[in-house]
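User: I would like to go through this model step by step. Please define each term when it comes up.

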Amino acid sequence: MSFTFILFVSIVVALLILLAWALRNPAQRKALKIEPASLEQPGPRHSTYLPLIRQALSPTDLEFLATRGSPGLARRARKERQRVTLSYLDELRNDFQRLLRLARVVASLSPEVGAAQEFERLRLSFRFSCRCQMVRVGLYSGLLVLPQLGGLSQMVSELAVRMEAAMQELGERAVLAAKLASSPDQRGVDIT
Amino acid sequence: MYKVAESLPVSLPTPGVARPSASQAGPCPTSSPLLAIYGCATMRQMVDLATAQRVCWDLSIVLRALLLCLVLWRRNVRSFPFFSIYLSANLLYALLLYVAYSVWGSLSVVSFWIAWGSQPVISCARALAVAEICRLFLAGYRGIWSLAWRLLVSCATFVLLYSFLASKHQWDFAILGANRALELAIAAVIVVLLVFLRYYQVVAEPTLRTLAIGFCLFSCFAVLNYTILEHWLKKYAGIWNFVEVISYLFCVLAWTWALRKPFPRPAVDPALLPGSVYRQLSPEINLRLRLLDERLSDFWRAEAPRS
């Protein structure tokens with residue numbers, strides 16, 4: 001097998017995989033599914049539960065369980081809390097993705113789009129996803145202390161609040177976009 | 001139609017033209033890949049394949065004619081002028097070859113040059129048809145279209161250059177290499193466009209999507225076909241054209257299915273936002289994202305030593 005042969009076959013296989021991914025039914029993307037009406041309230045959702053999560057993750061609780069209860073109970077509680085935290089991290093990321101999607105809708109409905117802005121956002125969202133995965137790995141491996149997730153949540157909340165103020169202005173047009181997306185001729189921006 | 005594939009004299013038994021037997025044809029020439037393809041087509045063991053190919057070739061001509069009629073009848077020519085030109089040029093090309101084989105024979109130099117010499121015209125028509133489909137996908141979205149066309153042109157240029165550089169640098173393989181580069185560029189452009197649409201959540205119109213998938217799959221298949229041919233010239237020369245005819249047949253069927261109805265022009269273009277909204281919002285979002293990214297990075301670095 002020559003290098004040229006392997007190269008071109010690999011490129012074609014990669015293109016076919018990308019094609020299949022690009023054509024995947026949007027209905028299968030359940031994780032990020034939102035209702036069009038929620039565009040009118042683009043603020044933070046899961047990040048607002050941060051105080052509750054913080055309380056649940058308080059190390060004093062675990063210390064109390066370790067001293068008053070059995071070590072097994074404390075271990076089980078830690079695992080449960082880790083599971084809750086990971087779930088919370090997923091939801092935070094969904095909040096973040098939702099806001100990013102709104103930004104894409106704004107871009108697609110704008111008469112002028114800055115290439116630099118778009119590439120910057122693409123790069124940053126890619127990096128953010130990578131770092132989220134790293135945090136996840138850190139949680140699993142014990143490298144990260146659970147309450148420190150507050151830093152991430154804080155940032156998402158800040159972004160969401162600023163976005164909310166700006167998006168309020170776009171509310172009516174976003175709903176219009178939603179109607180277009182569900183129009184019979186199926187043209188428009190998919191905001192679901 | 002587009003290529004040599006559907007029209008090359010390779011294993012195409014032309015009615016009324018005496019085809020040389022295997023003994024007359026002699027050994028398969030290998031000095032030039034195109035000539036090798038030419039010569040191998042006449043071998044006896046390829047007779048059945050040649051018959052099948054001829055049937056498929058005839059069928060594809062009929063289907064192409066039907067598709068063109070369908071486009072005209074459904075008045076889709078107004079929506080797809082370049083696609084219609086491509087279909088017409090392709091059909092004309094196939095008919096011209098048919099006549100050439102009948103008059104000069106499938107092994108004549110004249111037929112050879114008609115078959116391969118018309119490729120640039122057909123390829124240009126094909127590239128324009130693909131560009132037209134790309135444009136229609138994003139009709140109404142001025143902002144992201146201005147971004148998309150630059151991206152697609154850059155992508156096509158890069159793929160073309162890279163394919164040329166990666167191909168065998170031999171004059172004999174120049175036409176095959178050029179065809180493969182073009183096919184790969186077309187496939188890459190369509191895939192990038194569909195990924196782009198998905199990224200911006202623009203709903204692809206089903207007719208356009210089917211047309212694009214047809215172009216893309218055929219191009220991918222053609223790249224594989226050329227690559228295999230280049231690598232195993234002797235073994236593969238007898239069937240490569242048949243394989244390509246079959247793939248094009250399916251492609252034409254997909255297009256016919258897509259264009260069975262008039263192309264629905266959007267009743268109303270998407271309502272665009274004022275330009276100031278994007279200018280105000282986009283830098284703000286990016287700034288926040290950058291801060292978030294930095295914060296994530298910082299807090300990871302701060303926490304890591306705790307282990």
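Analyst: A residue is buried if 20 or more other C-beta atoms lie within 10 Å of its own, exposed if 12 or fewer, and partly exposed in between, with C-beta atoms placed from the backbone. This is a predicted model, in which local features need pLDDT of at least 70 and side-chain atom pairs count only at pLDDT 80 or more, while totals for chains, interfaces and linings use all residues. Residues are numbered from 1 along each chain as its sequence is written, and chains are lettered from A and ligands numbered from 1 in the order in which they are written.

User: What percentage of the 192 residues in chain A do buried residues make up?

Analyst: The count runs over the 192 residues in chain A. The buried share of them is 31%.

User: Where in chain A is confidence lowest, and where is it highest?

Analyst: Confidence here is pLDDT, the predictor's own score for each residue, from 0 to 100. Chain A has a mean pLDDT of 70, and 55% of its residues reach 70 or more. Helices (H or I, at least four residues) and strands (E, at least two) are DSSP runs, numbered from the N terminus. The lowest mean, 55, is in helix α7 (residues 171-181) of chain A, and the highest, 92, is in helix α1 (residues 3-22) of chain A.

User: Is A:Thr67 buried or exposed?

Analyst: A:Thr67 is found in helix α3 (residues 59-68) of chain A. Because A:Thr67 has 8 other C-beta atoms within 10 Å, it is exposed.

User: How do α5(B) and α6(B) run relative to each other?

Analyst: Axes are lines fitted to C-alpha atoms, for helices over the stretch in contact, and angles run from 0 to 180 degrees between N-to-C directions. Angles under 35 degrees count as roughly parallel, over 145 as roughly antiparallel, 65 to 115 as roughly perpendicular and the rest as oblique. The axes of helix α5 (residues 81-104) of chain B and helix α6 (residues 109-117) of chain B come within 9 Å and cross at roughly 170°. The two helices, α5(B) and α6(B), are therefore roughly antiparallel.

User: Which residues of α6(B) meet α5(B)?

Analyst: Two residues are in contact if their C-beta atoms, placed from the backbone, lie within 7 Å. From α5(B) come B:Leu96, B:Leu97, B:Ala100, B:Tyr101 and B:Trp104. Their partners in α6(B) are B:Val110, B:Ser111, B:Ile114 and B:Ala115.

User: How far apart are the end C-alpha atoms of helix α8 (residues 142-166) of chain B?

Analyst: The expected span of a helix is 1.5 Å times one less than its number of residues. With 25 residues, α8 of chain B should span 36 Å, and this agrees with the distance between its end C-alpha atoms, 36 Å.
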